[in-house]
Each structure stands twice: as structure tokens, then as C-alpha cells.
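I opened the model to see how its chains are built. These are my notes, in the order I looked things up.

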Amino acid sequence: MSAYVIRRLLGAIPLVLGIATIVFFVLNLAPGDPVSIYAAPNISPDVLEQMRRNMGLDRPVHERYVRWMGAMLTGDFGVSFSRNQPVREVIAQILPNTLVLSLCAMTLAFLAGILIGVFQAIRQNSAADNALSVVALFFYSMPSFWLALMLILIFSLYARNIWEWPFWFPASGMTSVDHAFMTPGERVRDRLVHLALPSISLALVLAAGIARYTRGSMLEVVRQDYIRTARAKGLPEWRVVLKHALRNALIPVVTLLGLYLPFLFSGTVFIETVFAWPGMGKLVVEAIFQRDYPVVMAGAFIFAVMVVIGNLVADLLYSVIDPRIRYD
Amino acid sequence: MSQGDGAGSLLHVSIPVQKHAGDRSDPYPHPLDTEAKMETIPSTGRSVRVLAASVLVAVVAAGCGEGTPGERSLRGMPAFCQEVLPRVDAFLSTFERPEGERYGGTVVVGAIGEIADGMNALVSSDYTASQHQTFMHLMTLLQVDEALEPTPYLARTWEVADDLSHVTFELRDDVFWHDGEPTTAHDVAFTYLRATDPETAFPNQAFWDHYVKGPEGIEVLDDHTIRIHIARPHAEVLDPWRATGIMPRHLLEDVPPAQLRQHPFGTRCPVGNGPFAFHQHRSDESWTFVRNPAFPEALGGPPYLERYVYRIIPEQTTLLTELLTEAIDVYIAPPADQAPQIEAAAQAELIAFEFRNYVFVGWNHRRPQLADARVRRAITMATNRRQVVDALLRGYGDIANAGVPPFHWAFHEGIRDELAFDSDEARRLLDEAGWREPSPGAVRVNDAGERLEIAIKYNTGNQQRQDIAEIMQAQLREVGIAVRPQVVEWATLLNQINTPDVRDFDGVVIGWVTEMKVDDHDLFHSSKVDQPYGWTGMQDERVDALLDTLQLVVDRDEAVPLWREYQELLVELQPYTYLFFPERLAGVGRRMRGVEMDVRGEWVHVTRWWIPEDMRRGRGR
């Protein structure tokens, strides 16, 4: 097993470096100029030229590539052009925010998605199944930023100003501005209420998809002979469903988990924008617009690594769920 | 000036949707498990519990790892900050809290973007950054009053030599950096040297084009007196001293100029001397400042507010919600279409004030169809700009005919109603210029058979500019001009219009923000045609002569007639189709008092904002 993991990881190195190289050249050869955000009349071209020199942009592309690659291999992602801060510092500030949000969202999504999927499968074609299918499709096809705005409207604006509920959710941010003055208990509560709307709007869309997969794969499994056998030998129904059927039905869901793992790190620009959640998605998208090459490169590198790891984790999980899958 | 792309919300960005892989379930389900075997493998339920617990741990850890209440953590900070920030805390805590019912409370300001380049005045040119630097965190030598006349600030007095060869400033001696060091003439000299050093790449270096740059330009007469030499007279010679915050020599002297930009001073631990001291910056999330209790009484004393939080909320709908749910107290620059909602709300009110930007369509006179001023005038007259202002700005704005804003002393009242909407006159001008309609309603052609077709470019994600291009398309079609709106990504667009040997555009919808001093040299002087902003390519001797003279006339009474002539000339030549001066809006929460804003910016009176005691936030005083 460990030999397999090492083999996979070694194989991934040229892949990740290849991705980084392609992104580097595509980015650097695309039109646009990092210092153009400063461009304005009465800013002389000499000043912009000097800025480029100070940022190291006056060197030819291949030279910059070698320098960037060399630095990156030692863990140095350079200095962000638009934030005037080492990229490593920026990411160290932003990445935990994304992790908290997407971990919450994914936990919610997989919990809810699997539960709903199982429920639908065992009540196949019932009214509840049909209703849940409609609801799932409704959320699945909904743009997440729109859902997010609706949640803000209902649980924040209307809840507070129109319906005057005793409790409403904050519309944005990770903590309230008084956070630093709170007791530890209040801080945890403060974090959770700020997490609620963004993670629910992310999770609803994900859960809808997961529920569909789980339902489909459960339906296939419950028709198998060994399920009938399990029932025949008198096992309680919940045991048949949860232990015998669900475990076998989880393989496609695990594939999904592997696919979603990079998302833990990439974040989603829409949700982050709507909820003013300072995360990786917005960081990288803004960096692309500003031609902040070091940040984009660091982002691309991290995502590439996560895709590789996500796939590996999914493959390893198959062997946990299905003992016949062995990696030797 | 600076270019605003006003990209607005990011919702227009399209992001690839996560794709699900095909179903990879094993076609051969494994046979019945025995109960015993089941127990050796972690059950789904348990792994879910583990996952849920780990989320909770992450949240709790994030919640607890922040030190004692009200304090910031120095963990992970660069060494410079670890050294400097405790000194600031120590100095500020030696002062008493000011007494008085207005003192106290936290204001939360919400805005769409980061404070780009932070508090480092030597590398920034961003509007929000410069507002925070000059009115809150740093001090400038001078400020200007509502009539834009200079008033004392860090400089107690100043004297411009009669022959305009130098200016001497006498500084206050009661101003301290937030770490306790006194602010002296050496700081001013340091700031000047770095700002004029090409290595620094200070974006606004041109501020000092009329001064003697470098060490020769500056004489420190004593700790609080400094003289700066002027190379060429200029009408607004004092303006740079209003715009540039003085920086601390004792902290930054050893930093090589080329590395000032990335120094942690800018965004991690700035130390200023203004009425507010830096407390904390979280990237893309917030900036927190606290009252500087040592701020001189003679300049109004410490600010009323205890704490000031600038929150970055990138979506305007969310910003509006936060204003209406009173999570933010001031909403910076809401778009005009949110104005009615803010006006109607019980929780907030709307402030509108004149500002320094204008929106226009820049024409490329190198294109044969746009070379004739009559065609450009016709285009302006065929565009119903009143309707544009009413529809796009909901009336919060003024029609523009030249780049001098209405609040400015040089504004020419007489051209206000020029080039009003008149399609008949536009048709006449086009006929006169040789563009005739082959049949009624068809696109005009000239004698050479060329069609009067224009592409108007605008940048991605800017709804207002898209609307303008589309409105013009419809209205110009009425007089026989075919307009094709064309959307281009911002950085690419800049490249197309700014690169002298490219200039790949006919017209472009864009905006300028002017400084307090108006100077169109870079836009219209014929010597700048091959510089980045010589978009129009206009070469006109009368314009050149006026631009050259206007720079030199110090006396406003003498300058006004020349400014009038210049603005009349712009109306005639229409190098741009000037569209409007939008007013700037702000949403102000009902708990706020003393929030006044004017053309100098949102933050001009921030030290006088206050919150009645019973309306303050629960914690953090």
C-alpha cells in the first residue's frame, strides 16, 4: 500500500510541474500588464518601467520562469504585485478561511446528501421520494450566488427588519467586529452564526448532487441477491440498509469526495464574494484580473496538488470500502 | 488622475462548474459481509462523526487562537512588525481616554474593495488608500478647505518665495509618530527624497515635476523648518503637499527604495502620526484603526471614535443588506440604483456629494471617420445625455462638457448647456462634414463611399459603460451613424488604448478621476500624442498654448478667463464626448452623527464622526 502511495506521488511530480509550467507561460504571454493598475495620466512611463524593474518584470519570460521555478521548489512563491506582501503570507491568511468554510459545507453536504439519497432509495417512487427529487433538482440547477442572495434576503434582511425575528443571521463576514472583545464561548458561537449562511448555500447545491448519486447507486444495490439474503436471515431493516447496502453503494459517492477535495482549497468565488468571505477563490480570480502573476501561480500550484491528492485519496478510500480493491 | 474600471460586482465572472465524473461503481458487489468483519472497518457513521468533530475543532481553534480580548496577535508577523507594534501599543496606552459624551464607540465602514497598497504613501496612488493615509493615518503638510484653498496641518505656516523659487514650511512641534518618536523636518525630507527617487517608482512622482528633485531640492533649516526648491513655477505648486502623507524616517530609512513597496510597513504594521493609529489588517477582510489620543488639540484633538473598522464586502447587494441590518454604519459609494432603497429605509440615509470624476467616450481622431470635429460634435449632440444621467445615475450627476468639474473654481458656467440634445443639428453637422444619408434612415457614407461606422469599446463587467455604449448605439442610429458596442477585458483594453503604436479603438467608454488641480496636459497636449494617454491623437495649437499658459498662472482671477477659453475650445473640438460628472453617494446608518462628505472625499471629516452613547455597539466600548 505505502509503495503504491509513494509511486503515485512520485508520478504526480512531473504532472504538477507540467501544469505549473503551462500556467506560467499562458499567464505571462496573455495580454495585460501587472503595473497597468497604476497607469494613469501624470504617471510617467518611466515610473511604470521602474515598477516593472522593481517587480522583476523587465527580465525575459524564460529567465523569469527559471527564477520562479527555482524559488518555488524551495517553497518561496515570491511577492504579490497587487498586495505588496509575500504570497506565502497572503495564502497563510486566506487559506484557513477557505478550509473552514468548505470543510463545513462538505460535511453538511455529504451528511445531508447521503441521508436523503438513502431515504429516497428505500422509499423509491413514494410521494416523498418524488418530492425530494424535485427539491434536489431545484437546488442542483440553481446558481449558487442567487441562492446565497436569497438566503441573505430571508434570514438576514427580512428576518431582522420586516419579520422582526428574535434571531437573524449576519449577512457577511467571518466574525463580527466585536469578535476580539468576546469570551471564548461567544467567539465560537459568533463563528458558527457567520458560517451558517455561506456553508448552507454551498452545501445545498452539493448535497442535491450527492443525493442523486446515492439514490441511484443504492437502488442498484438493494436489488442484489445478498441484500435479499440479509433480509432473509432476519437482520433488522436498518442494518440491512446501512451496513449491507449503503456500504456497497458508497463507491460512486467516494469518487465524488475525491473530486470535491480540491474544492476545499480552491473555494468558490461567488459565495466568497456574496458573503464577503476572504477566501482562495476570490483571491485567485482577482489576481488573474490584476495580472498578479505570483498569486495566480501559487493558486494554480496548490489546486494542481490538491487535484492529485484528491484522486489519490479517492482511490485509497475505494480499498477501504471495497476489500477486493487492493493496491500492491 | 487615475483610471477607474469600476468593474463592480464579480458576479459577471463565469467560473467553470464542477463536473461529476462518470459512475465508477464496481460492477461486482462483494458478497455478504459477516458481522465480525464489519466491525473491523470504520463505519460510515463514525467517520461522519469524526468529520463533524474536526470541523467543530477547526472553528473552535479559530475562535480561541486570538489572544486576550481586544488584543491582536503578533504570531506569524514579520520581525519588523513584532518589534514596532508593541512600541505603538505602549506609547498609545500612556494617554488618558478623552472625556466627553461624544468620545467612544466603533464605526464600521463597508466598501467594495481592499485598500490597495495600504498605508505606504510612497507606493500608492489608490483613492481609498490616499483618503485613509491623508485624513486618518498619516499627516500631510497642508490640507485644503471647501474652497480648495490650502490650510495648515502638519505645517503650521508656509511661505512661497515671491519669485516662486522655493517654499518654506514651518512644522508643528507637537506631532508624534504612533510609536512615540517626534515628527520632524527630517521626516519630510526623507519622504521627499524617496518620493522623487526614481528607484522608489512612486506612482505620483509627477507631483514634483516642478520641484528640484533629489537632495539638491531640499534644505532642512532646523528640526521643524524645511525649504524645498522649485525648478519651474506652477500654478498649483502647493498641491503635492496636500496629497502626500509624510512617512517616518526612523523606521524606513534603511529600506532600499526599490523594496519599499513590499515592506511590511504598508500592509502589516504601518506606523503613522495622524488622528487614527493602525491596529490590524486582515487581507480581503478588514482594516482596524484606533484613536490616537496624542493627536494635537490645536488640530481638533483626538477623534471622537474609539475604533474605526473598514470592512471589505465585495458584493453591493450584501453591502446594502449590511447597511440596512446596521452591521455597517457607512456604505461607501453605493450605485445609483440602490439610492431609492437607502432613501426609503428607516435604518439609514443617503448622502450625495459632488465628486471629481467624469465619464466620457474617448475618440481616436486618427480614424478617418472621427477626424472631423463636426462629426464628434454631432455625435455628442445626437446623444441624449440628460436621459443618460436620469436613467443610469437616477439624476445623481451633472452633464459634462469639459473635464473641469462644476465645483471647481475654474469651471465655466457658460458652457453648461452647450451641445444639448438636438438630432436635427447633429444631422446638419454630419451633412456639412460630407457624410450623407444615401436613403432616409440608412447609414451615412462619404464621397469615397466609406460608411460612418464606429466601434465603441468598454470593459467587461461594467454595466454602466455597457449601457452607455448601447444607448449610444440606438441614439446615433437615428442620425445615420452605425455604432457597434464591443466588450473587452480590462487589462486587454488598457493595452489596446494606451500603447502608442496600437491604439486599437475608435471610441472607448471610460472615466477619469481628476485631482484637486485640473491639468489636461497628458490628455490633449500635442507633445503627448505618443504617450500612453494621448488617446485622441489631437494636435491643436490653441489647445497647446492654453495648456502651457494655464500651468503658470498662479493668480486665480487671472486664470479664470483662460480656463473659460479652454473649456469653450473643448466644446468646439470635442476630443471626447463628455458624458457626465456622477455625484458620489454614501449610505449612512442612523446611529451616526457628524458624517459630512464633500469633494475632498468621504473621510474628510472622519475625526468628527460620532455615535451617541446609547447607540454604540455592545462591546469594545
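**Entry 1. Pairing rule.** I count two strands as paired if DSSP finds at least two bridges between them. The model is predicted, so I read local features only at pLDDT of at least 70. Five bridges join β6(B) to β8(B), and the two run antiparallel.

Entry 2. Which order do the four strands take? I read β5-β6-β8-β7 in chain B, an open sheet with antiparallel pairing. β5 (155-160) and β7 (218-222) of chain B have a single partner strand each, so they stand at the edges and one side of each lacks a neighbour in the sheet. On average, neighbouring strands here are turned by 20 degrees against each other, direction ignored. I also found a helix on this sheet. Helix α5 (residues 185-196) of chain B packs there and touches β6, β7 and β8 of chain B. Its direction makes about 175 degrees with that of β7(B).

**Entry 3. Chain B overall.** I stepped back to the whole chain. Chain B holds 17 helices and 20 strands. Of its 621 residues, 46% are buried. I took the contacts with a separation of 6 or more; 70% of them are between residues 24 or more positions apart.

**Entry 4. Domains of chain B.** The domain assignment lists domain 1 (37-103 + 113-259), domain 2 (276-354 + 584-615) and domain 3 (357-582). I looked at where domains 1 and 2 of chain B meet. Domain 1 gives 27 residues to the contact and domain 2 gives 28 residues. Which elements give two or more residues on the domain 1 side? I found α3 (79-92) and α4 (127-137) of chain B. The largest share of that side, five residues, is from α4(B).

Entry 5. I followed α4(B) onward. This helix lies across β2 (106-111), β9 and β10 (286-291) of chain B, at about 145 degrees to β9(B). Those strands are in an open sheet of seven, in the order β9-β10-β11-β2-β12-β20-β13 (chain B), with mixed pairing. Inside the order, three bridges join β12 (residues 330-332) to β20 (residues 584-589) of chain B, in antiparallel fashion. One partner pair there is B:Val330 with B:Val588 in β20(B).

**Entry 6. Strand β18 of chain B.** Is this strand mostly covered or mostly open? I find β18 (residues 507-513) of chain B mostly covered, with six of its seven residues buried. I checked two of its pairings. β14 (residues 357-363) of chain B pairs with β18(B) in the antiparallel sense over seven bridges. In β18(B), B:Gly507 stands opposite B:Trp363. β16 (residues 453-459) of chain B pairs with β18(B) in the parallel sense over two bridges. B:Val508 in β18(B) stands opposite B:Lys457.

**Entry 7. Chain A overall.** I turned to the other chain. Chain A has twelve helices and zero strands. Its C-alpha trace spans about 85 × 60 × 40 Å along the principal axes. Buried residues are 48% of its 328. Of the contacts between residues at least 6 apart in sequence, 72% join residues at least 24 apart.

Entry 8. I checked helix lengths. α12 (residues 293-321) of chain A has 29 residues, which should span 42 Å at 1.5 Å a residue; the end C-alpha atoms are 42 Å apart, so the two agree. Its buried residues include A:Tyr293, A:Met297, A:Val307 and A:Tyr318. The buried residues of α12(A) pack against α1 (2-29), α3 (61-73), α4 (87-122), α9 (237-266) and α11 (280-289) of chain A. I then took α1(A). With 28 residues it reaches 41 Å from first C-alpha to last, close to the 40 Å expected. I noted a kink of about 25 degrees at A:Ala12, shortly before the proline A:Pro14.

Key
Residues numbered from 1 in each chain as written. Chains lettered and ligands numbered in written order. Predicted model: local features only at pLDDT ≥ 70, side-chain atom pairs only at ≥ 80, totals over all residues. Buried ≥ 20, exposed ≤ 12 C-beta atoms within 10 Å, placed from the backbone. Contact = placed C-beta atoms within 7 Å. Axes fitted to C-alpha atoms, helices over the stretch in contact; angles between N-to-C directions. Expected span 1.5 Å × (residues − 1). Bend = angle between axes of the 7 residues up to and from the residue. Domains from an automatic or database assignment.
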